[in-house]
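Please read the points below beside the coordinates, and check each one against the view you have open.

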Amino acid sequence: LGIFTLLLSALFTTPFIILFFFNDKKIKDYTLNRIFISLKVFFTIVIPLLIIAAIIEGLLITVL
């Protein structure tokens with residue numbers, strides 16, 4: 001099942017990767033900028049919230 005999932009995901013992502021590398025510079029820069037902004041938001045907002053949730057859940061499990 002793992003190999004099948006890997007092959008299926010490679011089959012679906014390959015066209016997007018090829019299109020990304022053969023696009024013009026303006027679209028590639030825009031896409032990379034959007035990916036960078038998304039990763040910055042993920043690491044500055046989502047990860048700290050997950051850590052806070054894990055701490056709260058751990059405290060609730062130990063107390064109850």
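**Notes on the model**

1. Thr44 is exposed, because its relative accessible area is 52% and the class of exposed residues begins over 50%, with buried set under 20% and partly exposed in between (1.4 Å probe, protein chains only). Thr44 lies in helix H2, and its side chain reaches the backbone oxygen of Lys40 at 2.7 Å; a polar contact is a pair of N or O atoms within 3.5 Å, where within protein one must be able to donate a hydrogen and the other to accept it, and residues adjacent in sequence count only if both atoms are side-chain atoms. The C-alpha atoms of Thr44 and Asp24, which are 20 residues apart along the chain, are separated by 30 Å.

2. On provenance, this is a predicted model, in which local features need pLDDT of at least 70 and side-chain atom pairs count only at pLDDT 80 or more, while totals for chains, interfaces and linings use all residues. Residues are numbered from 1 along each chain as its sequence is written, and side-chain values use heavy atoms, with hydrogens and water left out.

3. The secondary structure of the chain consists of two helices and zero strands, where helices (H or I, at least four residues) and strands (E, at least two) are DSSP runs numbered from the N terminus. Helix H2 covers residues 25-63, and its 39 residues should span 57 Å at 1.5 Å a residue, so the 56 Å between its end C-alpha atoms agrees; the expected span is 1.5 Å times one less than the number of residues. H2 bends by about 35 degrees at Phe42, the bend being the angle between axes fitted to the seven residues ending at a residue and the seven starting there.

4. Helix H1 comprises residues 2-22 and includes Phe21, and its 21 residues should span 30 Å at 1.5 Å a residue, which agrees with the 30 Å between its end C-alpha atoms. H1 bends by about 35 degrees at Thr13, with a proline, Pro15, following within four residues. The helix is hardly covered, as the count of buried residues among its 21 residues is zero. Phe21 counts as exposed at 54% relative accessibility, and its C-alpha atom is separated by 48 Å from that of Leu60, 39 residues apart along the chain.

5. The structure holds one aromatic pair. The ring centres of Phe42 and Phe43 are 5.4 Å apart and the ring planes stand at 75 degrees, so the pair is edge-to-face; rings of Phe, Tyr and Trp (its six-membered ring) pair if their centres lie within 6.5 Å, with planes under 30 degrees apart counted as stacked, over 60 as edge-to-face and the rest as tilted. Phe42 counts as partly exposed at 34% relative accessibility, whereas Phe43, at 54%, counts as exposed.

6. As for the overall form, buried residues make up 0% of the 64 residues in the chain, and the C-alpha atoms fill a box of roughly 55 × 35 × 10 Å along the principal axes.
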